[in-house]
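Subject: Structure for you to look at

Hello,

Here is the structure I promised to pass on. Have a look, then read my notes below.

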Amino acid sequence: MAQPLSPEYYKQLEEIQAVDFVIFELVLYLDTHPNDAQAIEQYNHYAAHSLKLKTEFEAQHGPLRFGMPMRNNQRWEWSEAPWPWQV
């Protein structure tokens, strides 16, 4: 049986999902308001924050995204960690 996930795992994943929701909403807004400099600034801020959160999450819990370097060069971690939609 797999080990239960820590509360920190869920907290970090929820924060990533919240930030990515903001990014998605900003993308929808910018599709219809492409010259809104303030919205572009907000998008860039949240995109950088999302990248930071995901990088930190992956360093602690394993891969979250395709195309990112593995923490361990000796085994394929993608199939070991629960995928976000499994938790």
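Gln-12 is buried, because its relative accessible area is 13%. Buried means under 20% relative accessible area, exposed means over 50%, and partly exposed lies in between (1.4 Å probe, protein chains only). Please note that this is a predicted model: local features need pLDDT of at least 70, side-chain atom pairs count only at pLDDT 80 or more, and totals for chains, interfaces and linings use all residues. Residues are numbered from 1 along each chain as its sequence is written, and side-chain values use heavy atoms, with hydrogens and water left out.

Back to Gln-12. Gln-12 sits in helix 1. Helices here are DSSP runs (H or I, at least four residues), numbered from the N terminus. Which residues does Gln-12 touch, not counting those up to four places away in sequence? They are Phe-57, Gln-60 and His-61. Contact means heavy atoms within 4.5 Å. With Gln-60, the side chains also make a polar contact at 3.1 Å. A polar contact is a pair of N or O atoms within 3.5 Å; within protein, one must be able to donate a hydrogen and the other to accept it, and residues adjacent in sequence count only if both atoms are side-chain atoms.

Val-19 is also found in helix 1. Its relative accessibility is 8%, so Val-19 counts as buried. Val-19 touches Tyr-46, His-49, Ser-50 and Leu-53, again leaving out residues up to four places away in sequence. Val-19 and Ala-47 are 28 residues apart in sequence, but 8.2 Å apart in space, C-alpha to C-alpha.

Now the two helices. The buried residues of helix 1 include Leu-13, Ile-16 and Ile-23. Helix 2 is among what covers the buried residues of helix 1. In turn, the buried residues of helix 2 pack against helix 1 (7-32). Among those in helix 2 are Ala-39, Leu-53 and Phe-57.

How do the axes of helix 1 and helix 2 cross? They come within 9 Å and cross at roughly 155°. Axes are lines fitted to C-alpha atoms, for helices over the stretch in contact, and angles run from 0 to 180 degrees between N-to-C directions. Helix 1 and helix 2 are therefore roughly antiparallel to each other (angles over 145 degrees count as roughly antiparallel).

Last, the ends of helix 2. Asp-36 caps the N-terminal end, with a side-chain oxygen 3.1 Å from the backbone nitrogen of Gln-38. Just after helix 2, Gly-62 takes a positive phi of about 105°.

Best wishes

Definitions and conventions: Parallel < 35°, antiparallel > 145°, perpendicular 65-115°, else oblique.
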